Amino acid sequence: DPACGSGNFLYVTLQKLKDLEKEVIVFAHEKGLGQVLPMVGPWQLYGIEISPYAYDLAQMVVWIGYLQWIKANGFGIRSEPILKPMEQNFQNKDAILDMSDPDNPTEPEWPKVDYIVGNPPFLGSRLMWQLLGVDYVNALESVYADRLGGKPDLCCYWFERARKHLLEIQCTRVGLLATQGIRGGSNRNV
């Protein structure tokens, strides 16, 4: 989730993956196909979040959700410590603009993953200047000008970055949510 916020999408994704894994384990057992060990866990999820607080919270939400699922489904706790750091999978940074060199802003790198899911933040193009600042919006527009053009809403930059990730074969599928506003005006370029 390249805008993971408090980790809700990652939490739900993990729950669904664990449910599917359990179906496979039960099916294999019922059909006498041998023992299948549980392998799905938080270590397979990736998140990018700009807010330091939300970055920490998302990791905690994913781990707590995992532990709740394990307990509710009778699989038992794996090992100590129960919570493990996820710094390799979670990044505390801006997902659509790298301003580490203000004179040369770039698109930040996203990790290679199988799937991208999320709900990028929505902010209309008219409010971006006021809430994000002139320098940031100018940099954002210059970095994506050749692909987006116009004045798209903020969420469109996530859609474009995810599209580019697909083209670079850095993921196989993308599922992002947006408001109906993505269908009109400059947003149609996405």
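Visitor: How much space lies in the second largest pocket?

Guide: In this predicted model, about 300 Å³ of space lies in the second largest pocket.

Visitor: What makes a residue count as part of the lining of the second largest pocket?

Guide: A lining residue has an atom within 4 Å of a point of the pocket, and 23 residues line the second largest pocket, with Ala-3, Glu-49, Ile-50, Pro-121 and Trp-158 lying nearest its centre. The elements that give two or more residues to this lining are α1 and β1.

Visitor: How do you know which residues of that lining are nonpolar, polar or charged?

Guide: Each residue is sorted by its type, and Ala, Ile, Pro and Trp count as nonpolar whereas Glu counts as charged; sorted in this way, the lining of the second largest pocket divides into 14 nonpolar, 5 polar and 4 charged residues.

Visitor: How do you know what span to expect for helix α2?

Guide: The expected span is 1.5 Å times one less than the number of residues. Helix α2, residues 52–72, has 21 residues and reaches 30 Å from its first C-alpha to its last, so its span is close to the 30 Å expected.

Visitor: Why are some residues of α2 called buried?

Guide: Buried means under 20% relative accessible area, and the residues of α2 that are buried include Ala-54, Tyr-55, Trp-63 and Ile-70. The buried residues of α2 pack against α1, β1 and β2.

Visitor: Which residue follows α2, and what is its phi?

Guide: Gly-74 follows α2, and the phi of Gly-74 is positive, near 70°.

Definitions and conventions. Residues numbered from 1 in each chain as written. Predicted model: local features only at pLDDT ≥ 70, side-chain atom pairs only at ≥ 80, totals over all residues. Heavy atoms only, no water. 1 Å grid on protein atoms, 1.4 Å probe; cavity = no way out; pocket = protein on both sides within 12 Å on 5 of 7 lines; lining within 4 Å. Points joined across faces, edges and corners; volume = space filled by probe spheres on them. Helix = DSSP H or I, 4+ residues; strand = E, 2+ residues; numbered from the N terminus. Buried < 20%, exposed > 50% of the residue type's maximum accessible area, 1.4 Å probe, protein only. Contact = heavy atoms within 4.5 Å.
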